[in-house]
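Reader: Hi, I have a structure open and some quick questions. Can we go through it piece by piece?

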Amino acid sequence: MKNLSDMLAAIGPLDRKVMDDARAHQARLAKPPGSLGRLEDLSVQLAGITGRLHNQISNKHLLVFAADNGVVAEGVSSAPQSVTLQQTINLTRAKTGASTLCKHFGVGITVCDVGVKTDIHEPAVLNRKIAYGTRNMAKEPAMTREQATRAILTGIGLAMRTEASALGVGEMGIGNTTTSAAVLSVLLDSPVEQVTGRGGGITDEAFQKKKAVISRAIAINQPDRTDVVDVLAKVGGLDIAAMCGAFLGAAATKRPVVIDGFISAVAALCAVRLKPEVRDYLVPSHASFEIGYRLAMDAMGLQPMLLLGMRLGEGSGCPLAFQVLDAACAIMNEMATFQQAGID
């Protein structure tokens, strides 16, 4: 695996010439201009990503990164840490929300352990463990800079090796709404209260504690908001870092990559801060219920496609977004032009 700087250098801009051709083709289709809204925008984006006017998303794949977070010791989550292990395994058995949707739509799924607290004796879970969970960021840095970089490179490598026309990025890790809120607060220089939600559904008392813990973690570790790797190492998670890498890897191989919910959006923002060109390869799925989601999306200049009231995570929005990508391709490939439709 090359170093991170080399990988970032491999990510280039979209093909603007083909995008212009795609817009011209859309203008010739038998419909009022812009009447298919986001489907038109997606078809143009896909043309720029692939360099082809006509595209087909022949196969889709969801990458789920699993890791535990030491900050759970502060009582910031409604679920015990053991849930990370069990749901990581269940994701490989089509027994969770995301994996059920993947099975239904024929989407491939890879579940990758980058930091679950215990060993997983399950062949279907890809073992890329960097550490047995992070340390408690409320007391010390969550991980070393070397660990954060390894996690990013792990995500890059997995994305680049996964054979698919489009990728989606999800996660599994109890406590990761806390780490995501901390990362977002630092990157946006926003008050903790503005980016922190209730996650899996904690009590009012636990919610106040969660915000206090995030504030303490940022104050103790003093992450440099201009250095994404430093932020991830000090107040992030191994899952978020690997997800960030997956977004980078998809862009480096010129493929669209779908953002799931809040945690996925924060990881995408990390990727964009590392390499701004990544933004044009991103495809948002659904609007997350978490309050920090909108801020992360605004920071990237993106808007979700679907409003379903979802807040599960795992990558559950990705299989749904893949169907919208298919629809965008169908319009571009199969819809008649005015001339073909016999309309003057």
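Reader: What covers the buried residues of α13?
Author: The cover includes the helices α7 (176–188), α8 (192–195) and α12 (262–274), plus the strands β5 (257–259) and β6 (282–284). Keep in mind that this is a predicted model.

Reader: Which residues of α13 are the buried ones?
Author: Helix α13 covers residues 291–300. Its buried residues are G292, Y293, L295, A296, M297 and M300.

Reader: How many residues line the largest pocket, and which lie nearest its centre?
Author: The lining has 35 residues. Nearest the centre are N176, T177, G200, R311 and L312.

Reader: Which element gives the largest share of that lining?
Author: Strand β4 does, with four residues. At least two residues each come from α4 (82–91), β4 (166–172), α7 and α12.

Reader: How many of the lining residues are nonpolar, polar and charged?
Author: Twelve are nonpolar, 16 are polar and seven are charged.

Reader: OK, what about the second largest pocket, what is its volume?
Author: That one is about 290 Å³. It is lined by 14 residues, and D41, Q45, R279, L282 and L302 are the closest to its centre.

Reader: Which elements give two or more residues to its lining?
Author: Those are α2 (16–28), α3 (37–50) and β6. The largest share, four residues, comes from α3.

Reader: Let's switch to charges. How many salt bridges are found in the whole structure?
Author: A search finds 15. The general idea is simple: side chains of opposite charge can pair when their charged atoms come close.

Reader: Show me one. Which helix holds K17 and D21?
Author: Both lie in helix α2, four residues apart, which is about one turn of the helix.

Reader: Why does a spacing of four places work in a helix?
Author: An α-helix has 3.6 residues a turn, so residues three or four places apart point the same way.

Reader: Is K17 buried or exposed?
Author: K17 counts as exposed because its relative accessibility is 53%, and the cut-off for exposed is over 50%. D21 is partly exposed, at 30%.

Reader: What does R93 form a salt bridge with?
Author: With E122, the closest N and O atoms being 3.0 Å apart. This pair links distant parts of the chain, 29 residues apart. R93 sits in the loop between α4 and α5, and E122 in the loop between β2 (108–115) and β3 (125–127).

Reader: Why does E122 count as buried?
Author: E122 is buried because its relative accessible area is 19%, and buried means under 20%.

Reader: Where do D227 and R145 lie?
Author: D227 is in the loop between α9 and α10 (228–235), and R145 is in helix α6 (residues 145–161), so the pair ties together parts 82 residues apart in sequence. Their salt bridge is 2.9 Å, N to O. R145 is partly exposed, with a relative accessible area of 43%.

Reader: Now K211. How far away is the nearest side chain of opposite charge?
Author: That is E193, 6.1 Å away. K211 is buried and has no salt bridge, because a salt bridge needs the nitrogen and oxygen within 4 Å.

Reader: Where is K211, and what does it touch?
Author: K211 is in helix α9 (residues 204–221). Not counting residues up to four places away in sequence, K211 touches V192, E193 and T196.

Reader: Last one, L101. What is it in contact with?
Author: Leaving aside neighbours within four places in sequence, L101 contacts S316 and P319. L101 is found in helix α5 (residues 97–105), and it counts as partly exposed at 23% relative accessibility.

Technical notes. Residues numbered from 1 in each chain as written. Predicted model: local features only at pLDDT ≥ 70, side-chain atom pairs only at ≥ 80, totals over all residues. Heavy atoms only, no water. Buried < 20%, exposed > 50% of the residue type's maximum accessible area, 1.4 Å probe, protein only. Lys, Arg positive; Asp, Glu negative; His and termini not counted. Contact = heavy atoms within 4.5 Å. 1 Å grid on protein atoms, 1.4 Å probe; cavity = no way out; pocket = protein on both sides within 12 Å on 5 of 7 lines; lining within 4 Å. Nonpolar A, V, L, I, M, F, W, Y, C, P; charged D, E, K, R; others polar. Points joined across faces, edges and corners; volume = space filled by probe spheres on them.
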